[in-house]
Amino acid sequence: MSGFDILIVGAGIAGASAGAHLARTHRVAILERESQPGYHTTGRSAALFSEIYGNESVRALSRASRDFFFSPPDGFADGPLVKPRGALYIARAEQREEFDAFIAAPDVAANTVRVSADDALRRCPVLKREAVAEALYEDAAHDVDVNALHQGYLRMLKQHGGQLVTEAGVTSLRYSGGMWMADTAAGEFSAPIVINAAGAWVDEIAKLAGVSPLGFQPLRRTAVLVPAPDNVKIDAWPMVIDVAEQFYFKPDAGALFLSPADETPSPPCDAQPDEMDVALAIDHIERATTLSIRRIQSKWAGLRTFAPDRSLVAGFARGAKGFFWLAGQGGYGIQTAPAMGELAAALVRGEEIPSHIVAHGVDIRELSPERFT
Ligand SMILES: Cc1cc2nc3c(=O)[nH]c(=O)nc-3n(C[C@H](O)[C@H](O)[C@H](O)COP(=O)(O)OP(=O)(O)OC[C@H]3O[C@@H](n4cnc5c(N)ncnc54)[C@H](O)[C@@H]3O)c2cc1C
């Protein structure tokens, strides 16, 4: 039996970022089922930071995370956490309505410039002209070094005396005498507070603890890496995103990362790519560009787990003392991690949300689990 102040279930980006902050003031143990903490969704993302992606509440969290990405604390990482990428949103003629709806949001309009088809083709020369009736460019979109971000948080956790326990899948959670007791493959752990940051498994963890699940839905998304076309320099291309998010592609370490932006409901699991989705990714890219994909370098899938309203969730569960939700990171868990980690730590400590986060429009009521009750 190991006694702590706080147990965190899950060492993905959500658990790692909150744990790093909480370890300054509490004895924290992160319990992770896998031997590698980034094995599930955190290690499978498209690694983009965009302030115009997601609903209003998500966009506010991304804005509030921006400063951390651009100037992390000294010693957090060996190199920069972000590098310029740019995002080019394209719409075909029949997608004009979606395009108009997209640019109607004031912060989308403020963070992008409308560009001509010529300009779009100059930025990504393989695009077919008929695929670009309208285009919008977000200069501030950046690639994130997800591994550096995740490892930075885990290092911060350990520097403050926190522990990461891998191969410690939680198999039971019960509350007794003011303590949560967790049985894991690595032994029993106890603490008065447990943070549920189990990604696709958050509702399963709630059920183990006797807490009502909130209706999270894991949705599978497929990624495919293909070799860059011969004799074409692709490194400076932006991420190209269909305005209705039917597909996207971007350069990735000398290769091309494609996704059909699929959202297939799935039970929590070690997600694997479906051949149909891989074929769909290739079909979308071949329709929108002059590329012809002959070889696949690698493919994978990950689960993006959403609350019913697609906003993130942070807060104590009603009627279950010390049980804290940190869930529903959906397709935004990387780009919102700096603000969510800090905000969750403040809520767990019973403190006010830091003013620099509130200043970006983050409204804690929109993140509270109370909104579902
Ligand atoms: C293809 C794809 C593209 C994406 N692109 C982006 C992007 O560009 N930008 C962005 O911000 N986000 C993106 N995302 C989303 C982002 O990756 C996720 O929001 C984020 O990684 C979720 O982190 P997490 O910590 O909640 O979950 P996870 O990383 O899945 O971590 C949860 C952890 O909990 C552990 N766990 C579960 N049950 C137990 C248990 N019983 N005991 C112990 N441990 C347990 C799991 O093993 C896992 O390690 C993308 C996702 C995908 C799949």
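Which strands and which helix each supply at least two residues of the lining of the second largest pocket? They are strand S5 (82-84), strand S9 (142-144), H6 and strand S17 (248-252). Helices (H or I, at least four residues) and strands (E, at least two) are DSSP runs, numbered from the N terminus.

Before I continue, please note that this is a predicted model, in which local features need pLDDT of at least 70, side-chain atom pairs count only at pLDDT 80 or more, and totals for chains, interfaces and linings use all residues. Residues are numbered from 1 along each chain as its sequence is written, and side-chain values use heavy atoms, with hydrogens and water left out.

Let me stay with the pocket. On a 1 Å grid over the protein atoms alone, a pocket is an open set of points where a 1.4 Å probe fits, with protein on both sides within 12 Å along at least five of seven lines; lining residues have an atom within 4 Å of a point. The second largest pocket is lined by 28 residues, and Ala 47, Val 144, Asp 145, Val 146 and Asn 147 lie nearest its centre. H6 gives the largest share of this lining, 4 residues.

I turn now to the aromatic rings. Rings of Phe, Tyr and Trp (its six-membered ring) pair if their centres lie within 6.5 Å; planes under 30 degrees apart count as stacked, over 60 as edge-to-face and the rest as tilted. The structure holds 16 such aromatic pairs. In one of them, the ring centres of Phe 49 and Phe 69 are 5.1 Å apart and the planes stand at 55 degrees, so the pair is tilted. Phe 49 belongs to strand S4 (residues 48-49) and Phe 69 to helix H2 (residues 56-70), 20 residues apart. Both Phe 49 and Phe 69 are buried (under 20% relative accessible area, with exposed over 50% and partly exposed in between; 1.4 Å probe, protein chains only).

Phe 68 and Tyr 153 form a stacked pair, 5.5 Å centre to centre with 15 degrees between the planes. Because Phe 68 lies in helix H2 and Tyr 153 in helix H6 (residues 146-159), the pair ties together parts that are 85 residues apart in sequence. Phe 68 and Tyr 153 are buried.

Finally, consider helix H1 (residues 13-22): 10 of its 10 residues are buried, so H1 is largely enclosed by the rest of the structure. Its buried residues pack (contact means heavy atoms within 4.5 Å) against several elements, including H6 and helix H9 (337-349).
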